[in-house]
Amino acid sequence: MQHLSHLLGVESLTTEQISFILDQAKPFQEFQRYPLKKLATLRGKTVAVAFFEASTRTRISFTTAAARLGADTMALQAESSSLKKGESLIDTVRTLEAMRPDGIVIRHGSSGAPEFVAKRLEIPVVNAGDGAHEHPTQALLDALTIRDRKGRIEDWNVTILGDILHSRVARSNIHLLSKFGAKITLCGPAMWVPRELEDLAPNVRRTTRTEEALEGADVIFVLRVQTERIHEPELAAEEYILGYQLTAKRLRLARPDALVLHPGPMIRGLEIDSAVADGPQSGVLEQVTNGLAVRMALLYHLIGRAPVDAPHPAKDRSNASD
Amino acid sequence: MRVVEKRQLLSAEEIGRTLQRLAHEIIEESSGAKNLALIGIRRRGVTLADRLVKAIRSLSKADVPMGILDIALYRDDLSTIGAQPSLQGTEIDFPVDDRDLVVVDDVLYTGRTIRAAMNGLFDLGRPRRVRLCVLIDRGHRELPVEATFVGRTVQTSDSEIVEVRLQETDGEERVVLVDRVP
C-alpha cells in the first residue's frame with residue numbers, strides 16, 4: 001500500500017488506503033471510552049493548527065485529537081478576508097516553518113491551499129477543509145459511522161440534500177463513497193445542484209425533488225444551509241424548509257433503516273427537523289466521536305512517522321518490538 | 001546479512017509441558033486464581049495467554065478472564081522506526097481495577113515492551129497487582145523489569161534472536177535461537 005505523507009483530499013486516495021485509515025481509527029474509538037484519555041505517543045511533537053476560516057468543531061476535534069496523543073498544538077488563526085490570500089499564505093508558511101512544527105492541519109477558504117503548503121513544507125499537511133474543494137477527515141469520519149452502523153461501506157444508495165455546489169463535505173463524500181460503489185443522488189434547489197457535479201464520480205444523479213431523492217436511500221447526508229446564502233433573493237428560508245427540510249414524514253420514504261448524517265453545525269428547523277436529528281436513525285453524535293478517532297489515527301500515522309533520513313536504531317529489537 | 005538457525009530451545013512437547021507448569025505456578029501463587037486475569041501482549045503473548053487461561057480453568061475451575069493488549073501507542077521508539085506500526089487495538093472488556101493481573105509475553109528481552117504494557121494497563125485503571133509471565137527470558141535488560149513466572153531462561157548474545165513459533169501464528173510449534181551472520 002502506498003504510504004500517506006499528507007492528507008490533502010479523498011479523491012486521490014485508494015480504497016485500500018481509506019480502509020486502512022478506518023481500521024486504524026478503531027482502537028481510537030475504543031480509547032475514547034478509557035477513564036484516562038491521555039497518551040504519550042506523540043509527546044514532544046507539535047502540531048500547528050492553522051485555521052484561516054472560522055470553525056469551532058473541526059478545530060476542537062483536531063486540537064483534542066492531538067492533545068490525547070500527547071502532542072502540543074500551536075494555534076494560528078487568521079481571517080482570510082483581511083489578508084491577500086496568496087501572499088499571506090506564503091508568509092504564514094514561512095513563519096510556521098521557523099517554529100518547527102512536526103505537522104500542520106490547515107483550513108483555508110481557497111481550494112488547493114493545503115496542497116500549496118504541502119509543496120513548500122517538509123512536514124505532513126492535513127487538509128481540514130479548503131474552499132469548496134475537499135474536507136477529507138469529514139468524509140472519513142462519515143465513512144466510519146456508516147461502516148459501524150450499517151456493517152459495511154460498499155454499495156449503498158446515498159442521498160445528499162442541500163447546497164451541494166458550495167459544499168466540500170459533499171465533494172469529499174461523493175469521492176469516497178463512489179470509490180466503494182455507491183449510487184449517489186444529489187438534491188437541492190436547482191442553483192445548488194448544477195450539472196457539473198455529475199462529472200465528479202460515476203453513478204451520480206441530480207434532482208430537485210426531495211421525495212424522489214429519498215426513495216430507497218440507505219444513507220442520507222443533510223448539509224448545513226449556510227445562512228449567508230439563504231438570504232440570496234432567489235431563495236427564502238420558508239421556501240427551503242418547505243421543499244428540502246428533512247422531516248420525519250419525508251424520512252419514511254427512505255429505507256426503514258436509513259442512516260441520517262449531518263456534518264454540523266445543525267440548524268434545527270431549517271435543513272433538518274428535530275424529530276429526525278434526535279431520532280434513532282440519526283448518527284450525528286457518533287460522527288463527532290468518530291471524528292476524534294479518525295483524526296487521532298491520522299495524526300498518529302502522519303506525525304509520528306520518522307523522517308526518511310532519521311538515523312536507524314542502533315540495535316535491532318526483534319524480540320522487544322514483537 | 002543472513003539469518004541462520006543455531007539451535008532449538010524448546011520442542012512442541014516442551015512448550016506444552018512448560019505452559020502446564022506455568023499454569024500450576026500461577027494458580028499456586030495467586031491464592032486459587034481468585035480475582036486473577038491474564039493479559040496477553042500482541043501478538044504471541046495473546047496465543048500464550050489463551051492457552052494458559054484454558055489450562056488454569058481446567059486445573060482450578062476458576063473463571064479467569066483474558067484481555068489483549070496492543071502496546072503500539074505506548075512504545076518509546078516511535079521516532080526511530082520508519083513507519084508507524086499498525087494498530088490492532090486493546091481488547092480488555094473487564095475492569096482492571098483491583099484485579100490480580102498476569103501479563104503474558106513470549107520473550108523477555110530489554111524490558112521495554114513490558115514498560116509500555118504497564119503504561120497501557122494503568123491507563124485503564126488501577127490493578128491490585130501486576131506480575132509478568134514469559135515463555136523465554138533471554139537477558140539483556142535495559143530496564144528494571146523481571147518476570148515472576150519464567151518458562152525457560154536462556155543465555156544469548158546480542159546479535160542472536162529468539163524466535164517463538166506457535167501453531168496459531170506461525171504454523172509450527174517450537175522455539176529456536178537464530179543468529180545473524182554477515
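This is a predicted model: local features need pLDDT of at least 70, side-chain atom pairs count only at pLDDT 80 or more; totals for chains, interfaces and linings use all residues.
**Notebook: a strand residue in chain B, then strands and helices in chain A**

I started with B:Leu101, which is buried because 21 other C-beta atoms sit within 10 Å, and the cut-off for buried is 20 or more.

Where does B:Leu101 lie? I found B:Leu101 in strand β4 of chain B, residues 100-108. I then listed what B:Leu101 touches, leaving out residues up to four places away in sequence: B:Ala37, B:Ile39, B:Val96, B:Leu121, B:Pro127, B:Arg129 and B:Val130. I also checked B:Leu101 against B:Glu14, 87 residues away along the chain, and got 25 Å between their C-alpha atoms.

**Chain A, strand β3**

Next I went to β3(A), residues 103-108, and asked how many of its residues are buried. The count came out as 6 of 6, so I put the strand down as mostly covered. I sorted the side chains by direction: A:Gly103, A:Val105 and A:Arg107 point one way, while A:Ile104, A:Ile106 and A:His108 point the other, and all are buried.

Then I looked for the strand's partners. With β1(A), residues 46-51, I got 5 bridges, and the two strands run parallel. In that pairing I noted A:Ala50 opposite A:Ile106 of β3(A). With β4(A), residues 125-130, β3(A) also pairs in the parallel sense, over 4 bridges. There I picked out A:His108, whose bridge partner in β4(A) is A:Asp130. I traced the link from β3(A) to β4(A): the chain passes through helix α4(A), residues 113-120, and this β-α-β crossover is right-handed.

**Chain A, helix α5**

I moved on to α5(A), residues 136-150, and took its packing with α6(A), residues 168-179: the angle is about 55° and the axes are 8 Å apart. That angle makes α5(A) oblique to α6(A). Which hand does the crossing of α5(A) and α6(A) have? I have it as right-handed. For the contacts, I wrote down A:Pro136, A:Gln138, A:Ala139, A:Asp142 and A:Ala143 from α5(A), meeting A:Val169, A:Ser172, A:Asn173 and A:Leu176 from α6(A).

Last, I checked α5(A) against α1(A), residues 15-31. Their axes come within 10 Å and cross at roughly 70°, so I logged α1(A) and α5(A) as roughly perpendicular to each other. On the α1(A) side I listed A:Ile18, A:Ile21, A:Leu22 and A:Ala25, and these meet A:Leu140, A:Ala143, A:Leu144 and A:Arg147 of α5(A). A:Ala143 is on my contact lists for both α6(A) and α1(A).

How values were computed
Residues are numbered from 1 along each chain as its sequence is written. Chains are lettered from A and ligands numbered from 1 in the order in which they are written. A residue is buried if 20 or more other C-beta atoms lie within 10 Å of its own, exposed if 12 or fewer, and partly exposed in between; C-beta atoms are placed from the backbone. Two strands pair if DSSP finds at least two bridges between them. A crossover is right-handed if, with the strands pointing away from the viewer, the path from the first strand over the helix to the second runs clockwise. Axes are lines fitted to C-alpha atoms, for helices over the stretch in contact, and angles run from 0 to 180 degrees between N-to-C directions. Angles under 35 degrees count as roughly parallel, over 145 as roughly antiparallel, 65 to 115 as roughly perpendicular and the rest as oblique. A crossing is left-handed if the near helix is turned anticlockwise from the far one by less than a right angle, and right-handed if clockwise. Two residues are in contact if their C-beta atoms, placed from the backbone, lie within 7 Å.
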